[in-house]
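Here is a short tour of one protein chain, written for someone who would rather look than calculate. Keep the viewer open and turn the model as you read.

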Amino acid sequence: MRKTGVTFLVIAYAIFFYIAISAPPYARAHPQLAPELRAAYSAPWPLALTYVFAFSGVVLALIPIRAGQRWAIWTSLVAFLTLFGARLATDPRCLVVLDPHQHGCHTFMIAVVLGIAGLALCALGRPPAAN
């Protein structure tokens, strides 16, 4: 169960990395968006923070979480909740994510749900045997 949880975590953080990589082309491809909204997606600081969160999350998932250290699970959960809260507070499209007929931040929400499910699997899994 722990391996599945770690896999879910790595996939979730890979989705965050994909979101950060695709933000500048997305902003250029949609000139009809408000300039503030385009700047929120493709500005250097949000992208840099997303890269840092994605990289540190993968490192947390592959080293301490896979080894069964509980502090890393809590740290990763705080990272997911921070990203979720910040995105929900700043992106009005995330409030319509439950309506499948409207565009919202579906990819982001899928990554958050996948990551939290992975953390739950890691927390519920038995710790690895000591060598």
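**The chain as a whole**

Please keep in mind that this is a predicted model. The protein chain has five helices and zero strands, so its pattern along the sequence, by the DSSP runs used here, reads α-α-α-α-α. Along the principal axes, the C-alpha trace spans about 60 × 30 × 20 Å. Of the 131 residues in the protein chain, 34% are buried.

Now colour the buried residues of α4: they are A72, I73, S76, A79, F80, L83 and R87. Looking down the axis of α4, you will find these buried residues within an arc of 125°, which means that they line one face of the helix. The general rule behind such a pattern is that an α-helix has 3.6 residues a turn, so residues three or four places apart point the same way. On the other side of α4, the exposed residues are W74, V78 and A89.

In sequence, S76 is 40 residues away from I116, yet their C-alpha atoms are 8.9 Å apart in space.

**Pairs along the chain**

| Pair | Apart in sequence | C-alpha to C-alpha |
|---|---|---|
| S76 and I116 | 40 residues | 8.9 Å |
| V112 and Y13 | 99 residues | 8.9 Å |
| P35 and A23 | 12 residues | 14 Å |

V112 sits in helix α5, residues 106-124. Because its relative accessible area is 4%, V112 is buried. P35 belongs to helix α2, residues 35-42. Is P35 buried or exposed? Its relative accessibility is 55%, so P35 counts as exposed.

R2 is part of helix α1, which runs over residues 2-29. With a relative accessibility of 9%, R2 counts as buried because the limit is under 20%. Which backbone oxygens does the side chain of R2 reach? One belongs to I65, where the backbone oxygen lies 3.2 Å from a polar atom of the R2 side chain. Another is the backbone oxygen of C122, reached by the side chain of R2 at 3.3 Å.

**A nonpolar patch on the surface**

Finally, turn to the outside of the model. F55, V59, L62 and I63 make a nonpolar surface patch of about 390 Å². Within this group, I63 is found in helix α3, residues 44-65. I63 has a relative accessibility of 57%, so this residue counts as exposed, the limit being over 50%.

Methods. Residues are numbered from 1 along each chain as its sequence is written. This is a predicted model: local features need pLDDT of at least 70, side-chain atom pairs count only at pLDDT 80 or more; totals for chains, interfaces and linings use all residues. Side-chain values use heavy atoms; hydrogens and water are left out. Buried means under 20% relative accessible area, exposed over 50%, partly exposed in between (1.4 Å probe, protein chains only). Helices (H or I, at least four residues) and strands (E, at least two) are DSSP runs, numbered from the N terminus. The arc is that of the directions from the helix axis to the C-beta atoms. Patches are made of residues with over 30% relative accessible area and no salt bridge: like charges are joined within 9 Å, nonpolar side chains (Val, Leu, Ile, Met, Phe, Trp, Tyr) within 5 Å. Accessible areas come from the Shrake-Rupley method with a 1.4 Å probe; for residues, only the protein chains shown count as cover. A salt bridge is a side-chain nitrogen of Lys or Arg within 4 Å of a carboxyl oxygen of Asp or Glu. A polar contact is a pair of N or O atoms within 3.5 Å; within protein, one must be able to donate a hydrogen and the other to accept it, and residues adjacent in sequence count only if both atoms are side-chain atoms.
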